[in-house]
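Hi,

Here is the structure I promised to pass on. Have a look at it first, then read my notes below.

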Amino acid sequence: SRAGAVLAINGDDYAAHKYGVIIRNGQLIRTHDTTRNLLIVDRNGDMRIKTDRRGEDYRALGDQLVQEGVLHTFEFGPELVRGGQAVPFSPDFDVISLNPSRLEPRTAIGQIGPLHYIIIVVDGRQEGYSEGISLQNLQQLFVAYGAGAAMNLDGGGSTELWFQGQILNRPSGGKERRVSDIICF
């Protein structure tokens, strides 16, 4: 409500971790090393994902992205779809306890075309209601819906879909979790 949003999902909860290149509203908030994937949203609203982070000069990348007019970056992942195809998960990608086949609550975003996005939120960890979804099955949903690019965001107990003042899903912890950032429209 404070952001004037009609629809919102949780982002990468950047305040809960200290890694990566974080840009919000065109302002560089921090740079720190990481092996995570970087979702970049430019001034046109187009998404691209940076996956190879080895040997990266994080400060220089942050400055470059701001100079390019990047509005937001999100550090999480993994990348799910590139060029309309499911991508293999890098063995370098590190997500605590996330085996790609494990069923979990998940939040992810993709882009179908200019200013045309798809958001998928899946509840989980709730026996008899929802067990969750694997990263592979999440990929296949984005491919089936025509996403050219897609990335997994923070999930688990943070997974939430908010629309016009209502939480539409059932967060796995039984209540709304405080998060440091959202993606909103």
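Which residues lie nearest the centre of the largest pocket? They are Ala8, Asp181, Ile182, Ile183 and Cys184, out of 30 lining residues. Before going on: this is a predicted model, where local features need pLDDT of at least 70 and side-chain atom pairs count only at 80 or more, while totals for chains, interfaces and linings use all residues. Residues are numbered from 1 along each chain as its sequence is written, and side-chain values use heavy atoms, with hydrogens and water left out.

**The pocket**
A pocket here is an open set of points on a 1 Å grid over the protein atoms alone, where a 1.4 Å probe fits, with protein on both sides within 12 Å along at least five of seven lines; lining residues have an atom within 4 Å of a point. Strands E1 (7–10), E4 (37–41), E6 (72–76) and E14 (182–184) each give the lining at least two residues; a strand is a DSSP run of at least two residues, numbered from the N terminus.

**The sheet**
E1 and E14 turn up again in an open antiparallel sheet of 4 strands, ordered E13-E12-E1-E14. Strands pair if DSSP finds at least two bridges between them, and E1 and E14 have 3. Asn10 stands opposite Ile182 in E14.

**The core**
The largest nonpolar core has 13 residues; Leu39, Phe74, Ile109, Leu153 and Ile183 touch the most other members. Such a core joins buried (under 20% relative accessible area, 1.4 Å probe, protein chains only) Ala, Val, Leu, Ile, Met, Phe, Trp, Tyr and Cys residues through side-chain atoms within 4.5 Å.

Cheers

Methods
Buried means under 20% relative accessible area, exposed over 50%, partly exposed in between (1.4 Å probe, protein chains only).
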